[in-house]
Amino acid sequence: MAVLNVNLTRIESINMKKSLKTAQRGHKLLKDKLDELVKKLLELVRENQKLRKKTDEMLQNAYQNFMLAKAVIGEQYIEEALVIPNQSVSVDISEKSIMSVKIPEFNFKKLTNLNDEEESKVLYGFAYTTSELDKAIENFSEVSESLLELAQNEKAIELISAEIEKTRRRVNAIENVTIPNYIDTIKYIGLKLSEDERASTSRLMKIKEMLVK
């Protein structure tokens with residue numbers, strides 16, 4: 001029996017019963033939160049598996065087209081065609097809340113170096129390049145968005161997993177320590193009050209007998 005260090009009075013017993021109800025209510029809320037977090041985590045994991053598969057396929061296609069272009073026109077011409085980057089990338093980071101967990105949200109935007117508001121296009125010459133290089137550049141451009149989405153998803157999984165662990169520890173602490181301590185303390189106070197009441201009744205009866213005699 002784990003009894004808290006409190007005054008053994010009726011007022012304290014009433015206060016402990018209120019605290020017990022509060023702890024039980026908090027336990028239920030945290031348990032519900034834990035269930036929702038686990039449900040959301042499973043959704044994110046399933047989504048992450050699909051997204052990773054899609055990203056791997058996109059990267060594979062991009063590398064295949066790039067290697068074909070390299071084999072056809074040679075590494076030197078590819079370097080010359082791509083020596084000056086014609087794209088810039090803007091990533092705006094914001095936050096969204098999932099069950100009180102702040103998750104980063106990435107907004108990806110591709111821009112050209114000529115005009116920040118213009119959609120990015122291939123600006124190199126076509127004299128020594130091939131369609132495979134065009135496809136490779138397009139593939140790498142598309143996969144960059146997918147990689148960013150994958151990073152966002154995996155960060156969400158990491159943060160929600162940490163929150164699940166923290167919430168589970170709190171649920172276990174309330175369930176296995178706080179609530180049993182309150183229950184044991186309330187029982188102990190009740191027993192002591194009953195003993196004091198019996199002792200007081202016994203003394204009163206003895207005093208009454210003495211007065212009668």
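Buried means under 20% relative accessible area, exposed means over 50%, and partly exposed lies in between, using a 1.4 Å probe on protein chains only. By that scale Glu165 is partly exposed, at a relative accessible area of 38%.

Welcome to a predicted model, in which local features need pLDDT of at least 70, side-chain atom pairs count only at pLDDT 80 or more, and totals for chains, interfaces and linings use all residues. Residues are numbered from 1 along each chain as its sequence is written, and side-chain values use heavy atoms, leaving out hydrogens and water.

A search of the whole structure finds 10 salt bridges (a side-chain nitrogen of Lys or Arg within 4 Å of a carboxyl oxygen of Asp or Glu). Here are some of them:

| Salt bridge | Closest N to O |
|---|---|
| Lys31 and Asp35 | 3.8 Å |
| Glu165 and Arg169 | 3.7 Å |

Arg52 in helix α1 and Glu154 in helix α3 link distant parts of the chain, 102 residues apart. Helices here are DSSP runs (H or I, at least four residues), numbered from the N terminus. Lys31 and Asp35, in contrast, both sit in helix α1, 4 residues apart, about one turn of the helix. Glu165 and Arg169 are likewise 4 residues apart, in helix α3.

Now for Lys33, found in helix α1 (residues 10-73). Lys33 is buried, with a relative accessible area of 16%. Leaving aside residues up to four places away in sequence, Lys33 touches Met99, Ser100, Glu163 and Thr167, where contact means heavy atoms within 4.5 Å.

Conventions. Helices (H or I, at least four residues) and strands (E, at least two) are DSSP runs, numbered from the N terminus.
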